[in-house]
Amino acid sequence: MGAWDMDEQTFTVTPLVIDDYFLWDQEGDKEYDILALSRVNTIFNDGSTTTTYDRTILFMDVIEYLALQVFGVG
């Protein structure tokens, strides 16, 4: 945030105390157990066949889990 002063030809910067990264800064140091996520993932290969993995955690599932824990949204 800031404001232009055209007469003085200056720009005054006003820092925001709470910005988009506030929650990340507040909650980012917490540890979360990603092993609590489901380990069964079914992949639809070509529409007719499927593959099920029972010992994997997909990276996108980890990202969504952490977003839900830190920001409260998926």
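## Burial and surface

Of the 74 residues in the protein chain, 9% are buried in this predicted model. A residue counts as buried when its relative accessible area is under 20%. The accessible surface of the chain comes to about 6600 Å². Carbon and sulfur atoms hold 56% of that surface.

## Overall fold and dimensions

The protein chain contains two helices and four strands. Read from the N terminus, these elements follow the order β-β-α-β-β-α. The radius of gyration is 22 Å, whereas the globule rule gives 11 Å for 74 residues, so the chain is more spread out than a compact globule.

The C-alpha trace spans about 70 × 30 × 15 Å along its principal axes.

## The aromatic pair

Searching the whole structure gives one aromatic pair. The partners are tryptophan 4 and phenylalanine 11, with ring centres 4.8 Å apart and ring planes at 55 degrees, so the pair is tilted. The class follows from the angle, because planes under 30 degrees apart would count as stacked and planes over 60 as edge-to-face.

Tryptophan 4 belongs to strand E1, which covers residues 2–5. Phenylalanine 11, at 40%, counts as partly exposed. The cut-off for exposed is over 50%, and partly exposed lies between that and the buried limit.

## A nonpolar patch

Which residues make the nonpolar surface patch? Trp4 and Phe11 both take part, together with Met6 and Val13. The patch has an area of about 520 Å². Both rings of the tilted pair thus belong to residues of this patch.

## Glutamine 9

Glutamine 9 sits in the loop between E1 and strand E2, the latter formed by residues 10–13. With a relative accessible area of 69%, glutamine 9 is exposed.

Glutamine 9 and leucine 37 are 28 residues apart along the chain. The distance between their C-alpha atoms is 55 Å.

Notes
Residues numbered from 1 in each chain as written. Predicted model: local features only at pLDDT ≥ 70, side-chain atom pairs only at ≥ 80, totals over all residues. Heavy atoms only, no water. Phe/Tyr/Trp six-rings, centres within 6.5 Å; stacked < 30°, edge-to-face > 60°. Buried < 20%, exposed > 50% of the residue type's maximum accessible area, 1.4 Å probe, protein only. Patch = residues over 30% accessible without salt bridge, like charges linked within 9 Å, V, L, I, M, F, W, Y side chains within 5 Å. Areas by Shrake-Rupley, 256 points an atom, 1.4 Å probe, with all protein chains shown as cover. Salt bridge = Lys/Arg side-chain N within 4 Å of Asp/Glu carboxyl O. Rg over C-alpha atoms; globule rule 2.2 N^0.38 Å.
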